[in-house]
Structure formats: structure tokens, C-alpha cells
Protein chains: 2
Amino acid sequence: MTTRREQISEERRQQIIDGALKVFAEKGFVQATNKDVAEAAGINSPGLIYHYFADKADLLRAIIERYGPPMQVLARPEEFMQLPLEEALTQFGLSYLRLTDDPKIGASIRVLMAEAFHNPEFAKILAEVGPLRVWQLLADYLAHKMDDGTLRRADPRIAARCFVGPLVLEMLSRKIFSLAYDMSVDAGALVAMNVAIFVRGMSPER
Amino acid sequence: MTTRREQISEERRQQIIDGALKVFAEKGFVQATNKDVAEAAGINSPGLIYHYFADKADLLRAIIERYGPPMQVLARPEEFMQLPLEEALTQFGLSYLRLTDDPKIGASIRVLMAEAFHNPEFAKILAEVGPLRVWQLLADYLAHKMDDGTLRRADPRIAARCFVGPLVLEMLSRKIFSLAYDMSVDAGALVAMNVAIFVRGMSPER
DNA sequence: TACTATTGACTGATCAATCAAACAATCGAT
DNA sequence: ATCGATTGTTTGATTGATCAGTCAATAGTA
């Protein structure tokens with residue numbers, strides 16, 4: 001049973017996580033001060049943070065747990081493996097780009113990537129639970145489609161990278177680097193074109 | 001005429017820039033201390049840095065001037081525009097990936113990208129002098145090839161992104177994130193496959 | 001009353017930047 | 001050549017600011 005007190009306590013905790021996420025995404029983990037976090041979280045004292053979290057790094061851990069990017073495609077890999085080619089690729093592309101539609105997930109990706117930049121250890125762990133697993137799924141799917149003759153034979157890992165590259169670039173430039181201004185390219189159009197090029201480019205030779 | 005004194009002075013300056021580049025690439029600009037820089041540069045006092053540079057940010061400026069990524073393709077745009085399709089794309093891809101063969105340029109890209117993460121202002125400037133200009137060149141080339149019937153009609157900016165994406169992803173994961181370990185993919189093979197897919201995928205419909 | 005939540009003052013550490021003094025090279029005058 | 005003056009280089013001690021984390025006191029709730 002959760003008492004009223006535990007509820008409020010949980011809300012406060014969440015409040016602080018969100019404040020930290022906002023500040024970390026803007027200024028980076030190192031430059032964000034506890035005072036910044038307290039202000040963004042709407043609490044009056046930086047000291048209170050330490051009632052809920054062990055230290056600054058613990059805040060980062062909490063952000064990962066709360067907003068670590070999920071990926072819909074990954075949730076049902078067997079289903080994904082059965083989809084026809086164009087549908088699978090389009091769905092893959094769209095869910096990849098839709099990841100950052102939730103600003104909080106977008107912000108958390110920003111924070112985690114920035115952290116990975118300075119910390120190879122962390123980068124490795126992050127890559128393994130995130131992108132690498134997803135790309136492996138895609139590589140497996142492509143290998144399957146090569147086996148049944150829908151696609152021409154090639155190294156499926158390289159092929160997967162060729163398909164995923166433009167998606168990563170889009171996410172990176174738009175959401176992470178906020179470079180939306182002059183290269184206003186529709187996400188849907190990008191995915192459609194990327195799928196079209198890839199499917200034609202990988203169709204079996206005749 | 002450069003006196004012996006000016007020579008030594010210039011060497012010291014360079015020494016400090018290299019030390020700073022090393023430390024900034026490893027720990028990030030904010031976390032790197034002047035003491036770190038002095039040690040990496042092989043000088044005995046952090047105070048000396050201020051004899052050669054106005055402040056810490058000035059060190060970053062010096063790194064940009066010294067190691068800001070050049071791009072061979074950009075040097076002779078007219079020549080590039082005249083190349084046949086596969087050759088142009090292959091050359092473009094290889095020079096893109098070769099950028100980071102020089103560890104110092106690789107390190108500087110690391111430093112600048114990490115900085116751009118925390119500073120939208122800086123990100124915009126960096127993007128404009130670097131990637132955006134290169135991608136625009138590619139988009140122009142593709143538009144040209146669409147006009148003469150070598151490629152099918154499409155938005156050249158999106159097409160350019162589809163081609164560049166895998167290259168950026170490769171550079172990012174390999175050199176910037178140091179994720180070389182388990183996905184050992186040859187750069188040449190990646191470029192070749194990316195070109196092949198793109199050329200077939202964008203060839204005119206029959 | 002007993003317990004938890006909250007505050008803000010405080011501490012100790014770190015670090016960018018300054019500075020005065022020591023040191024070294026260069027050069028002109030003798 | 002030698003000397004001293006001048007200029008540029010290097011050092012390490014110091015300063016002042018910032019900030020993560022602590023703590024004792026206070027407010028609020030069951």
C-alpha cells in the first residue's frame with residue numbers, strides 16, 4: 001500500500017529527475033550545478049536533492065532508468081522478422097525517428113550521448129544496450145531476406161549500416177544538434193526515399 | 001625574417017595546442033584543467049599557458065584554426081562536379097572517412113562535436129563551415145546528374161543525406177565513439193557498398 | 001510525540017586566472 | 001670579445017570564485 005506521503009515523495013523525486021534532465025540536456029552534466037537543478041525542479045534548496053539521491057551521478061542513473069530510449073520495433077522482434085520488406089524498413093525508419101518525438105526521450109539521448117563522448121566505458125555500455133542491438137536486429141532481418149531471395153547477397157552488417165546511416169544523421173542533426181533551420185526536410189519523406197533507394201539498390205540482379 | 005627566438009616561441013605555442021588537443025579530446029573542454037594541459041604539453045607551469053593564450057577558450061580557438069577539418073573534395077569543386085557518378089561518390093566517401101585518419105584531426109572533430117553538443121550557437125557555426133557546405137556540394141552534384149539523366153529526379157538535398165548518412169555513422173561510431181571492437185567493417189567495403197546501393201537505387205526508372 | 005521533508009548556511013576542495021620575481025636570450029655600446 | 005640593458009620566457013605562489021556535498025535547525029505530517 002502506498003501512503004499519501006510516499007506518493008508525494010515519489011512526485012518530488014520525479015520532479016527533481018525532470019529538472020535534472022532539462023538542465024543536463026542544456027548545459028551538460030558537468031556544467032550543470034545542483035543549484036540549476038533545484039531551480040529547474042522548482043525546489044528551494046540544492047540540499048534537498050541529497051535527500052532523494054546519493055550524489056550528482058545518481059541523478060544521471062535515475063535519468064537513464066526513467067527515460068532511457070526504448071524502441072518499439074525491438075519489443076516484438078519475431079513479428080518484425082515476418083514483415084514484408086518495404087513495410088519492415090519503413091516501420092523501422094519511422095519508429096527510429098519517432099523516438100525523439102517525446103522531448104524527454106530526445107533530451108535524455110542528448111545527455112547520454114554527450115556523456116558517452118567523454119567516457120569510452122560508458123559509450124560501450126550505452127551502444128550495447130541501444131543502437132548495436134537494434135542494428136543487429138536489422139542485420140538479421142536483412143540476412144533473412146537475402147536467404148529467401150528478396151535481396152541480393154551482401155554482408156548484412158554493412159547493409160544494415162547503409163540503411164540506418166541516414167536515420168542516425170537525421171536524428172543527430174535535427175534533434176541533437178538542433179540544426180533544423182535551413183534544411184527543412186520532412187522525416188517521412190526522408191524515410192520513404194531511404195527505403196526506396198535501399199530496396200532498389202539491394203534488389204537481386206537480373 | 002624569423003629570429004631563433006620567434007621560432008622557439010612558435011614551437012612552444014604549438015606544443016601547448018597539441019597538449020590541449022589531447023587533453024580536451026580525452027576529458028572534454030570543461031573537465032580538462034590547465035594543469036592537465038601543462039602536463040600533456042610538457043611544460044612545468046599552468047601559468048605559462050597565459051603567456052601564449054588569453055584564456056582557456058582561446059586554446060579552443062587555436063585548436064580550430066590549427067586542426068579544423070579540411071575536406072579535399074571541397075578544395076576543387078569544379079573538378080568534382082565534372083567527375084562521372086561512381087567515381088565522384090567513391091572519392092567523396094573515401095575522403096570523408098579519410099578525414100579522421102590523421103589522429104589529430106580526429107581528436108579535433110571529437111572536441112568540436114562535444115562542444116557543439118553543449119552550445120547551439122557554436123553548433124550552428126561549426127555546421128555551416130563544415131558538414132553543411134560539404135553536403136550542399138554533394139546535393140548540387142546530384143542535381144546536376146539528375147538534369148543530365150544519369151539519376152532519377154528527386155529532392156537532391158534528401159538524396160545527399162541518404163548517401164552521406166552511412167558515412168557519418170561510420171565516422172561517428174568508429175572514430176568518435178571508438179566502437180570499433182565488434183563491428184569490424186572495412187571502410188573501403190562500406191563506401192563501395194554504399195555507392196553501389198545508391199547508384200542502383202537512384203538510377204533512372206525504365 | 002515521532003517521523004520525514006525541507007531549508008539555507010557552511011565546508012573543503014578545485015581551479016581559472018594573476019602576478020611578482022627569477023631566468024635566459026639578444027643586442028648595442030664599448 | 002665583454003658588459004649591461006632590454007626584452008621575452010618561465011616559474012610557482014596566490015587569489016577569488018565556484019560548487020558538490022554536509023549538517024544542524026526548522027517545518028510539516030501522521
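The surface near DNA strand D is made of four nonpolar, eight polar and six charged residues. Here Ala, Val, Leu, Ile, Met, Phe, Trp, Tyr, Cys and Pro count as nonpolar, Asp, Glu, Lys and Arg as charged, and the others, Gly among them, as polar. This is a predicted model, in which local features need pLDDT of at least 70, side-chain atom pairs count only at pLDDT 80 or more, and totals for chains, interfaces and linings use all residues. Residues are numbered from 1 along each chain as its sequence is written, while chains are lettered from A and ligands numbered from 1 in the order in which they are written.

**Exercise 1.** Find which residues come nearest to DNA strand D, and which element gives the largest share of that surface.

*Solution.* Start with the term: a residue is near a strand if its C-beta atom, placed from the backbone, lies within 6 Å of it. Around DNA strand D there are 18 residues, and A:Gly47, A:Asp55, B:Ser9, B:Asn44 and B:Gly47 come nearest. Next, look at the elements, where helices (H or I, at least four residues) and strands (E, at least two) are DSSP runs, numbered from the N terminus. α1 of chain A and α1 of chain B each supply at least two residues. The largest share, three residues, comes from α1(B).

**Exercise 2.** Describe the surroundings of DNA strand C.

*Solution.* First, 18 residues surround DNA strand C, and the closest are A:Asn44, A:Gly47, B:Arg4, B:Thr33 and B:Gly47. Then sort this surface by class: four residues are nonpolar, nine polar and five charged.

**Exercise 3.** Work out which elements of chain B touch chain A.

*Solution.* Two residues are in contact if their C-beta atoms, placed from the backbone, lie within 7 Å. By that rule, 38 residues of chain B contact 38 residues of chain A. On the chain B side, α8 (103-118), α9 (120-129), α11 (156-176) and α12 (187-202) give two or more residues. α11(B) gives the most, with 11 residues. By class, this side has 26 nonpolar, seven polar and five charged residues.

**Exercise 4.** Which rotation superposes chain B on chain A?

*Solution.* Superpose the copies by least squares on the C-alpha atoms of residues with pLDDT of at least 70 in both. A rotation of 180 degrees with 0.0 Å of shift along its axis does it, with an RMSD of 0.1 Å. That is the relation of a two-fold axis. Finally, 100% of the interface residues of chain B are also interface residues in chain A, so the copies meet through the same surface.
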